[in-house]
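The report below describes selected features of a single protein chain. It covers a pocket, helix packing and local backbone geometry.

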Amino acid sequence: MEGEHHCCFSIATMITIFLLMVVVRVAYVFYRTGKPLSSKSSDPRSTLIVLGSGGHTAEMINVLSVMPKDRFTPRFYIAAATDNMSLRKARVLEDSLVDGQNQDEKVPAEFMQIYRSREVGQSYITSIGTTLIAIVHALWLMIRTRPEVVLCNGPGTCVPLCVIAFLFKVVGIRWSSIFYVESIARVKKLSLSGLLLYKLRIADQFFVQWPQLQRKYPRSHYVGCLM
């Protein structure tokens with residue numbers, strides 16, 4: 001009996017230590033999350049860019065047009081499996097970057113699609129299965145790309161990718177800095193994607209395009225209109 005009691009005590013102790021280590025690690029990740037990218041390093045950072053249909057992609061293209069491309073490379077573009085137009089626009093942008101340059105200097109960009117958790121009009125019951133598929137697919141894409149930067153601006157497909165990127169930080173697979181730019185269409189309140197990333201403190205840097213949003217969500221940064 002004494003041996004069994006000692007064994008149970010040891011297991012309980014190990015579990016307690018493990019949980020304590022997890023809590024400390026999560027606290028450390030939350031502490032570091034929100035700090036800007038270091039400007040000291042000039043090394044390029046692999047960047048995952050999440051595109052959304054309609055205005056989301058147009059805004060993201062505007063953001064990318066002013067970014068230092070040599071610092072955020074290679075670039076991986078992801079759009080929903082039913083959104084071919086966004087990837088076409090991304091290809092046009094990448095093609096424009098090499099105009100007047102030697103083709104050998106072109107940094108290859110990858111264009112990928114991800115399953116959506118729920119299509120417009122889909123029932124909530126059937127969306128359970130598609131959500132699980134979308135999460136597994138998102139995990140596979142994140143393992144494959146292992147980006148150092150994740151850039152998104154509101155499409156629902158960005159949420160599982162950002163959550164997985166955050167979990168990668170916790171377990172030490174990859175430290176990905178997550179930048180979220182709320183859509184200009186959101187004037188008085190955040191989108192559901194933005195609200196989730198803001199409340200869960202997943203985004204390292206959270207940007208809004210309206211001053212009243214910054215006042216309502218003080219951890220965000222007001223950057224003005226990007227369109």
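Which residues lie nearest the centre of the second largest pocket? Val 63, Met 67, Leu 151, Val 181 and Phe 207 hold that position, among 14 lining residues. The model is predicted, so that local features need pLDDT of at least 70 and side-chain atom pairs count only at pLDDT 80 or more, while totals for chains, interfaces and linings use all residues. Residues are numbered from 1 along each chain as its sequence is written, and side-chain values use heavy atoms, with hydrogens and water left out.

**The pocket**

Helix H2 (55-65), strand E4 (149-152) and strand E5 (177-181) each give two or more residues to the lining of the second largest pocket. Helices (H or I, at least four residues) and strands (E, at least two) are DSSP runs, numbered from the N terminus. The space in this pocket is about 340 Å³. On a 1 Å grid over the protein atoms alone, a cavity is a set of points where a 1.4 Å probe fits but cannot get out, whereas a pocket is an open set with protein on both sides within 12 Å along at least five of seven lines; lining residues have an atom within 4 Å of a point. Grid points are joined across faces, edges and corners, and the volume is the space filled by probe spheres set on the points.

The lining comprises twelve nonpolar, two polar and no charged residues. Here Ala, Val, Leu, Ile, Met, Phe, Trp, Tyr, Cys and Pro count as nonpolar, Asp, Glu, Lys and Arg as charged, and the others, Gly among them, as polar.

Phe 207 belongs to strand E6 (residues 205-208). Beyond its neighbours within four places in sequence, Phe 207 is in contact (heavy atoms within 4.5 Å) with Phe 179, Tyr 180, Val 181, Glu 182, His 221 and Val 223. The C-alpha atoms of Phe 207 and Gly 224 are separated by 9.2 Å, at 17 residues apart along the chain.

**Helix packing**

| Helix pair | Crossing angle |
|---|---|
| H5 (residues 158-171) and H6 (residues 192-199) | roughly 15 degrees |
| H2 and H3 (residues 84-97) | roughly 20 degrees |

Axes are lines fitted to C-alpha atoms, for helices over the stretch in contact, and angles run from 0 to 180 degrees between N-to-C directions. Angles under 35 degrees count as roughly parallel, over 145 as roughly antiparallel, 65 to 115 as roughly perpendicular and the rest as oblique. H5 and H6 are therefore roughly parallel.

Cys 158, Val 159 and Cys 162 of H5 make the contact with Ser 193, Leu 196 and Leu 197 of H6. These residues comprise five nonpolar, one polar and no charged.

In the other pair, Thr 57, Ile 61 and Leu 64 of H2 meet Ser 86, Lys 89, Ala 90 and Leu 93 of H3. This contact has four nonpolar, two polar and one charged residue.

**Backbone geometry**

Thr 73 and Pro 74 are joined by a cis peptide bond with omega of about -5 degrees. Pro 74 is in the loop between H2 and strand E2 (75-80).
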